[in-house]
Amino acid sequence: MEPIKKHKGLVYPLNRSNIDTDQIIPKQFLKRIERQGFGQFLFFNWRFFDDGTPRENFSLNDDKYNDASILVAGENFGCGSSREHAPWALQDFGFKVIIASSFADIFYNNCIKNGILPIVLNEETVQKLIVNGSNEKYDITVDLERQIVEDENGLQATFDITPYQRQMLLNGWDEIAVTLTHGDKIDLYESTH
Amino acid sequence: MKTPKTIVEKIWERHVVHQEEGKPDLLYIDLHLVHEVTSPQAFEGLRMNGRSVRRPDKTYATMDHNVPTRERHIIRDQISKTQMDTLKQNCQQFGISLADIDHPDQGIVHVIGPELGLTQPGKTIVCGDSHTSTHGAFGALAFGIGTSEVEHVLATQTLWQARPKTLNVKVNGKLGLGVTAKDLILAIIAQNGVRFGTGYVIEYTGEAIRNLSMEERMTVCNMSIEAGARAGLISPDKTTFEYLKGKRHSPENYEEAVANWKELATDNGATYDATVEINADEIEPQVTWGTNPGMCIPVSASVPHPEAAASANAKEETERALEYMGLEADQPISSVNIEHVFIGSCTNSRLSDLRKAADIVSGKKVKDGVQAIVVPGSHSVKTAAEAEGLDAIFKQAGFEWRDAGCSMCLAMNDDVVPPGERCASTSNRNFEGRQGNGARTHLVSPEMAAAAAIEGHFVDVRNYKQPVTN
Ligand code: SF4
């Protein structure tokens, strides 16, 4: 997993709440057995008509967001199905950071496991980012070491993350390798239960 | 005196392998259920790193999401076929038991776990599937995980987990006649929203919960994730112990196991991080009108008006949902005509669900222009239903009687609702596109779905028990 420490990038605002993982990556694309290549299917039913032609009125199809790497959305982002194809699709499309006023638990967890940084900010700050990101090409910087989100005009917001999850992301650890160092304790548990 | 504890705390304490300041707990996993959609990349990860499956004996796999429910062996979609073949190869390579498409134990992963007695009180149970919460009905701590965690459990039989907060959903009183466990859980979500369980494990308590059968409890726990909670459970009691008695994987020394399970129930005086209450007596049969399970109203009500929404965002959300669903604000939900009926899914595809639906359709005919299908949750549900003639009742009424699988719940196989068409469905998600691109889903109980199939629109099953006309 690639570490993430500090990231400056273009905001893509998606002002909707309760965006479920069925929208992030529809079921017809869950049949692949690989981990790569899901970006092309991100938000498929919102981005495309059935025949694959783009829906002009869906904002992610606007060229100005071509290089976006920070997605900002409303509350309860990633609810519904546990499919990890959702963070895979977001990452493959180019998103490294996702900001929302709240996340669904499983999705949040899945992001951490893939080196995507999920950030919870209050509703007011999220709305500010969404407005700024809708009006112009809007870059922000996310600093995981300092746990701060900032822009060039003085906006600054701090965010929480558990120390363990922060370490995982900063170091890009392989969690299974870490756990296997506790192999003796797992053996002990199994022999006593 | 010992401090009173909740069942969640008790199960947790029994499973901690390692604890360290500033870290989540390393939790032992007793049962890992696997299906074809969320596992291929996990097995591939094991291979790439030269790792093996630590406890194949605590791992159990089935195929459910992709399987055809008619013409069982004609898998038209080659990618689906590859995914199923891949699971077979992975199970062979790593020595995991698999109920594949021909196996008498095949079925939806959350239906077969309990049926086989693999699901037991006090176990930690995971699966790469958000409806793993279903198994909580037995007093197990059961939750959905992503594919990276599937790989982690395969390799280590453990997971790093932060201790969850607990939420008591207390259901007072009694459910009325014709009001089901499905209506109960839909009403709970309608009242509290699709996020109120986020960050919590729900424990369902109260008189109405105690009165539910095991299958009804599974329906309730199944939809915990629709309230945002990764897990939802019910302290085990006599109903639980009776259900599990004699199941294939139930403990041999059953009395001893029961004595141990009894210890798990939440102690009197234990405290929760939060509590919500609901009165069962006030609940009517429910129908969802929108694009998440919280967008739900009693069958006697009308579709909401965007202007009545609490905020600008909620207003927009309502407008978008109405547009997607092709509904008018203030339209009575009973006036909505449907073209499809799906009775199935891990929420409502067990024998008692099929019995109740059959009871409604017996001797009647599915409305012209309505396609209605029944998809039993497992092969053994199907066999049991056929043994008591339920298939004949459904077929005579004009339903299609299918083989077991997830089917139209998520439409990964050929069972798809066409764009713009409307389905009364006993499943758990009415998200946009869930049952097919552009498909419009209304979540209801099996009884409500059955009655809608006959009438072609939603009706209150409470008045439907007797013939409407003669
Ligand atoms: S029936 Fe539906 S919700 Fe249940 S496991 Fe299958 S796809 Fe998921």
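How many aromatic pairs does a search of the whole structure find over all chains? The search finds 22, where rings of Phe, Tyr and Trp (its six-membered ring) pair if their centres lie within 6.5 Å, and planes under 30 degrees apart count as stacked, over 60 as edge-to-face and the rest as tilted.

Before you start clicking: this is a predicted model, in which local features need pLDDT of at least 70 and side-chain atom pairs count only at pLDDT 80 or more, while totals for chains, interfaces and linings use all residues. Residues are numbered from 1 along each chain as its sequence is written, chains are lettered from A and ligands numbered from 1 in the order in which they are written, and side-chain values use heavy atoms, leaving out hydrogens and water.

**Stop one: a ring pair in chain B.** Select Phe138(B) and Tyr243(B). Their ring centres are 5.3 Å apart and their planes stand at 65 degrees, so this pair is edge-to-face. Phe138(B) sits in the loop between strand 6 (124-127) and strand 7 (141-144), while Tyr243(B) belongs to helix 9 (residues 238-244), 105 residues apart. Helices (H or I, at least four residues) and strands (E, at least two) are DSSP runs, numbered from the N terminus. Phe138(B) is buried at 0% relative accessible area, and Tyr243(B) is buried at 16%; buried means under 20%, exposed over 50% and partly exposed in between (1.4 Å probe, protein chains only).

**Stop two: chain A.** Now pick Tyr12(A), Tyr65(A), Phe93(A) and Phe95(A), which ring pairs link into a cluster. Then show Arg55(A), whose charged end sits over the ring of Phe49(A), 4.4 Å from its centre. Arg32(A) lies over the face of Phe38(A), 5.4 Å from the ring centre. The criterion is NZ of Lys or CZ of Arg within 6 Å of the ring centre and within 35 degrees of the ring normal.

**Stop three: helix 5 of chain B.** Colour residues 147-156 and find Glu151(B) among them. Glu151(B) counts as buried, at 8% relative accessibility. Its C-alpha atom is 4.5 Å from that of Ala42(B), 109 residues away along the chain. Why is helix 5 of chain B described as largely enclosed by the rest of the structure? Because ten of its ten residues are buried, including Thr147(B), Val150(B) and Leu154(B). Step on to Gln157(B), which follows the helix and has a positive phi, near 60 degrees.
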